[in-house]
Amino acid sequence: MLHELKKHIPEPLLSVYHLVLAKLAVAAYRSPSDEMIVIGVTGTNGKSSTVNFIAQLLTELGEKVGYTSTAGFNIAGEEIVNKMKMTMPGRFALQALLRRMVKSGCTYAIVETSSQGILQNRHLGINYDAAVFTNLTPEHIEAHGGFENYKKAKGRLFAHLSARRRKTINGRQIPKTIIVNADDEHGEYFASFTADKHIYFTWSDEVTRLVSGRGEVIRGLELDVDEAGANIVVNDVPARLNLPAQFQRLNALAAVGTVTSLGHSLTDVLAAAETLRGVAGRYEKIEAGQPFSVIVDYAYEPYALKALFAAVKQAGAERVIGVHGSAGGGRDVARRPLIGKLAAEEEAITIVTNEDPYDEEPLEIMKAVAAGARKAGKVEEKTLFVIEDRQSAIDKAIELAKPGDAVVITGKGSEPVMAVAGGNKIPWSDKEAALKALGKIGYNSP
């Protein structure tokens with residue numbers, strides 16, 4: 001009922017409503033972000049993985065850490081499932097998590113900070129010490145009223161960073177730091193905000209106009225790439241990243257740059273990076289003894305899908321069979337046929353299914369995705385299948401797979417629920433669905 005009521009509140013009043021809630025939440029939980037070093041991570045893709053990699057590095061280096069992300073919450077090693085279908089929890093829930101981190105003795109808190117959360121002023125109750133920019137591609141454009149508004153919404157995190165006072169934690173004054181992907185065309189905008197330190201991470205051999213003469217550069221170079229990961233050099237320091245997808249290694253470099261900026265030596269950080277593990281639902285390989293690959297990935301928009309297909313092809317897949325959908329609830333309607341077209345161009349067989357319909361008719365969403373696949377040449381019941389039940393769609397993909405193929409299941413990653421009509425959420429797991437499908441054809445070994 002409150003959700004419906006908010007639809008009719010004028011935007012200026014709604015902004016005040018969100019601001020008041022933010023202030024009340026901070027007061028209720030006694031400003032927990034003032035008692036920890038807080039890192040905000042924003043961008044279109046890679047936020048959850050970057051948050052998780054920063055946490056893994058800091059933990060390996062002996063620090064006590066908490067984090068909040070789409071993929072889950074963690075408080076000093078205690079995993080908490082994120083069932084909210086929200087990247088950034090509401091103000092009271094977020095402040096409660098931060099207070100629990102303080103009580104658990106965390107020195108660091110890492111907060112995946114979304115543009116929609118920023119629009120609702122959820123970031124205002126947090127005194128950030130570092131802000132990380134991963135990348136920017138067209139996403140949530142309809143909700144923001146255009147790409148520039150989307151970019152500016154994310155920029156508000158960086159403006160907010162230095163607007164808050166510096167902290168002293170464990171006798172050390174913590175500088176305000178901006179960490180930017182120098183390879184992204186929008187990096188210059190996010191680097192333009194005031195901070196005590198600017199860190200730029202890049203895979204490029206060239207010094208870009210963005211980093212030339214400004215701040216510190218964390219430059220990575222991939223030497224030997226194999227199915228399990230890559231040998232790399234970062235600022236002349238060698239290391240091994242056991243992360244199979246290139247986009248995973250990009251997120252790891254963002255984490256390396258962030259943790260180095262916090263005062264740890266690059267040598268120590270890279271030694272810790274050799275222990276990095278992939279994040280659940282992000283290029284997660286499902287193994288049951290089958291002679292083909294099954295990969296669950298959160299990719300739900302074109303840029304992320306392209307990165308996923310590049311990783312799968314680099315791994316040497318004979319054919320790719322994909323299971324895809326698109327979210328309902330009015331979310332980026334225009335991208336639905338684009339997802340279908342992109343998938344169809346990269347795959348031997350494309351299967352369109354239900355994802356998170358919310359209050360929309362699932363088949364209408366699926367028709368839009370399938371239309372894009374047909375435009376790319378897929379033929380229904382031969383190279384294109386439209387199957388509403390997600391388990392049945394995954395079953396079909398795995399039934400069709402042959403040795404050497406790769407089955408990719410996208411859109412939900414590690415999400416534990418599916419959002420359906422009436423605001424309801426039903427239990428769901430792509431990983432469990434894939435294991436169930438593999439079991440049906442005789443593969444049950446872990």
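Which residues in helix 9 meet which residues in helix 10? In this predicted model, Val256, Val259 and Thr260 in helix 9 meet Leu266, Val269, Leu270 and Ala273 in helix 10. By class, this contact of helix 9 with helix 10 has six nonpolar, one polar and no charged residues. The report below places that contact within the chain and then turns to other helix pairs and to the sheets.

## The chain as a whole

The chain holds 15 helices and 21 strands. Its C-alpha trace spans about 65 × 55 × 40 Å along the principal axes. For 446 residues, a compact globule would have a radius of gyration near 22 Å, and the chain, with 22 Å, agrees with that value.

## Helix pairs

| Pair | Angle | Distance between axes |
|---|---|---|
| Helix 3 (residues 47-60) and helix 9 (residues 246-261) | about 50° | 8 Å |
| Helix 9 and helix 10 (residues 266-273) | about 140° | 9 Å |
| Helix 11 (residues 302-314) and helix 12 (residues 335-346) | about 15° | 10 Å |

Helix 9 and helix 10 pack at an angle of about 140°. That angle makes helix 9 oblique to helix 10. The crossing of these two helices is right-handed.

Helix 9 also packs with helix 3, at an angle of about 50°. Helix 3 and helix 9 are therefore oblique to each other, and helix 3 passes helix 9 in a right-handed crossing. On the side of helix 3, the contact involves Ser49, Thr50, Phe53, Ile54, Leu57 and Leu58. These residues meet Gln248, Asn251, Ala252, Ala254, Ala255, Val256, Thr258 and Val259 in helix 9. The residues of this contact divide into nine nonpolar, five polar and no charged. Val256 and Val259 of helix 9 take part in the contact with helix 3 and also in the contact with helix 10.

Why are helix 11 and helix 12 described as roughly parallel to each other? They pack at an angle of about 15°, and angles under 35 degrees count as roughly parallel; the two helices are therefore roughly parallel to each other. Their crossing is right-handed. Helix 11 contributes Pro302, Leu305, Lys306, Phe309 and Lys313 to the contact, while helix 12 contributes Leu338, Ile339, Leu342, Ala343 and Glu346. Seven of the residues in this contact are nonpolar, none are polar and three are charged.

Another open sheet has six strands in the order 14-15-19-16-17-18, and its pairing is mixed. Which strands stand at the edges of this sheet? Strand 14 (284-285) and strand 18 (384-386) do, each with a single partner strand, so one side of each is left without a neighbour in the sheet.

Strand 18 and strand 17 (residues 349-352) run parallel and are joined by three bridges. Here the bridge partner of Ile351 is Phe385 in strand 18.

Key:
Residues are numbered from 1 along each chain as its sequence is written. This is a predicted model: local features need pLDDT of at least 70, side-chain atom pairs count only at pLDDT 80 or more; totals for chains, interfaces and linings use all residues. Side-chain values use heavy atoms; hydrogens and water are left out. Axes are lines fitted to C-alpha atoms, for helices over the stretch in contact, and angles run from 0 to 180 degrees between N-to-C directions. Helices (H or I, at least four residues) and strands (E, at least two) are DSSP runs, numbered from the N terminus. Angles under 35 degrees count as roughly parallel, over 145 as roughly antiparallel, 65 to 115 as roughly perpendicular and the rest as oblique. A crossing is left-handed if the near helix is turned anticlockwise from the far one by less than a right angle, and right-handed if clockwise. Contact means heavy atoms within 4.5 Å. Ala, Val, Leu, Ile, Met, Phe, Trp, Tyr, Cys and Pro count as nonpolar, Asp, Glu, Lys and Arg as charged, and the others, Gly among them, as polar. Two strands pair if DSSP finds at least two bridges between them. The radius of gyration is taken over C-alpha atoms; the globule rule is 2.2 Å times the number of residues to the power 0.38.
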